[in-house]
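My notes follow in the order I made them.

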Amino acid sequence: MTLLTISHRAEKTPPSPIRKLAGLAQQAADRGTHVYRLNIGQPDLRSPKEFLEGVSSFAKEVVAYEGSQGSRDLLSTWVSCINRDYDIELTNEQMLITMGASEALIFAFMVVCDPGDEILMFDPTYANYIGFSAISGVRLVSLPCSLEDKFALPTREDIERYISPYTRAVLLCNPNNPTGAVCSDDELRMLVDLCRERDLFLIVDETYREFVYDGVKPRCIYEIAPKDPRIIVVDSLSKRFSLCGARIGCMLTWHPEVMRAAFHIAQARLSAPTIEQDAAAHMLQTIGDQYLRDALAEYQTRRDAAVSALSRIPGVTTHAPQGGFYLLAKLPVKDAEDFASFMLTDFSSGGKTTFVAPAAGFYMLREAGRSTIRIAFVLNRDDTDVAIAVLGEGLRAYQSRRV
Ligand SMILES: Cc1ncc(COP(=O)(O)O)c(C=O)c1O
């Protein structure tokens, strides 16, 4: 018997709610059931051929470390793409290439907070923020938003009530995962003003920036507050270009000390992947805008299909997300995790079932999401239709089983 224990930090790091039921899904697949996977934001659109060309044309004899800030080529290329699309005046000085938005978020938490400091965020939100806060010792303070209000931000007065002497930053995910809410310019201005007046950092996760529907123009927060040093933007190629496995993201800031400190942390982890940075630079230089236009049109079609299929299931409440590629749906069940497990262990229709993510893991205030599921629009329109029809059948079977 050993007395060795693991750290409190490790104890407090929760498992991903998205991957939690993956074992059950695998067992269902092993039994020969076709599992429609709406649980995870792994896009099924093909990655750009320009990226794959970049990978296969890598011609160096040694795969060496890249610079800790990122490859010069990728920095200059990505900076000019953002400047072109959003008319902001970034230079390479403001960008640090990271291993996905995930690493940029960890850097941002580490740089602006000491252990015990607080970051305000809006509930529900991206579940891995909870993991990042456990790793960095930051306390996330959550402000509830509701499906009934289409997940609009709380008012400035409501947000201010949560500010304490330990608050260091506000964290915004825009467009939001999992709600699909997109902030209006007024909401963004309100947050910028609040952070200026209360001396807080504003961390904006723009991983889904280009995924805004119904003809609305995507916004980068720097258009609202040009060169504002209190803003830290987190960005990623994962979703925009179906490149989740490339692990390429970045952190942007006009704050010299924040950048210097983040760079020192980046030096400790040496560099982001070399071949993927090369390929990403090649892709951004050559791709044109059709890829993203097509992706956006496809996701909008899927969103519409998902919302209309869900509206046909009695007792389900949902909303049409304005952005991102997820939606939340409230089911007429007490415990959506129990229902999601049932779909994988006890139900199939014509050899098919549907895998959804229970949404409680996206809520700091777990109870608020107890009856809710998250659906990712990662299947084509026809599969989305079938997957949600199967979900409806499963729901009926689950309810009749409980009576
Ligand atoms: C809101 C949000 N931020 C960050 C990430 C992490 O992205 P990356 O693959 O760039 O690390 C995700 C991934 O799902 C996300 O949904």
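**Entry 1: Glu 257 and its helix**

I started at Glu 257, which lies in helix α10. Helices (H or I, at least four residues) and strands (E, at least two) are DSSP runs, numbered from the N terminus. The model is a predicted one, where local features need pLDDT of at least 70, side-chain atom pairs count only at pLDDT 80 or more, and totals for chains, interfaces and linings use all residues. Residues are numbered from 1 along each chain as its sequence is written.

Is Glu 257 buried or exposed? Glu 257 counts as exposed because it has 10 C-beta neighbours inside 10 Å. I use buried for 20 or more other C-beta atoms within 10 Å of a residue's own, exposed for 12 or fewer, and partly exposed for in between, with C-beta atoms placed from the backbone. I also checked Glu 257 against Val 111: they are 146 residues apart in sequence and 9.2 Å apart in space, C-alpha to C-alpha.

Helix α10 (residues 256-268) lies across β2, β7 and β8 (249-253), at about 25° to β2. Angles run from 0 to 180 degrees between N-to-C directions, and axes are lines fitted to C-alpha atoms, for helices over the stretch in contact. Contact requires C-beta atoms, placed from the backbone, within 7 Å.

**Entry 2: the sheet**

I traced an open sheet of 7 strands with mixed pairing, in the order β2-β8-β7-β6-β5-β3-β4. Strands β2 (95-98) and β4 (139-144) each have a single partner strand, so one side of each is left without a neighbour in the sheet. Neighbouring strands of this sheet are turned by 25° against each other on average, direction ignored. Pairing here needs at least two bridges found by DSSP.

Strands β6 (residues 201-205) and β7 (residues 231-236) run parallel and are joined by 4 bridges. Ile 203 stands opposite Ile 232 in β7.

**Entry 3: the core**

Which residues touch the most other members of the largest nonpolar core? They are Ala 108, Leu 202, Met 251 and Ala 280, out of 125 residues. Helix α5 (residues 100-112) gives the largest share of this core, 9 residues. Such a core is a set of buried Ala, Val, Leu, Ile, Met, Phe, Trp, Tyr and Cys residues joined through C-beta atoms within 7 Å.

I listed the contacts of Leu 202, leaving out residues up to four places away in sequence; among them are Ala 169, Leu 191, Cys 195 and Arg 230.

**Entry 4: two domains**

The domain assignment gives domain 1 (8-46 + 291-402) and domain 2 (49-286). Their centres, taken over C-alpha atoms, are separated by 26 Å. The contact takes 37 residues from domain 1 and 34 residues from domain 2. On the side of domain 1 that touches domain 2, α12 gives the largest share, 5 residues.

The buried residues of α12 include Tyr 291, Tyr 299, Arg 302 and Arg 303. I found β9 mostly covered, with 4 of its 5 residues buried. Strand β9 runs antiparallel to β12 (residues 372-376), with 5 bridges between them.

**Entry 5: backbone checks**

I noted a cis peptide bond between Asp 123 and Pro 124, with omega about 0°. Another cis peptide bond joins Asn 174 and Pro 175, with omega about -10°. Lys 227, a residue other than glycine, has a positive phi near 60°. Lys 227 is in the loop between α9 (221-224) and β7.

Definitions and conventions:
Contact = placed C-beta atoms within 7 Å. Domains from an automatic or database assignment.
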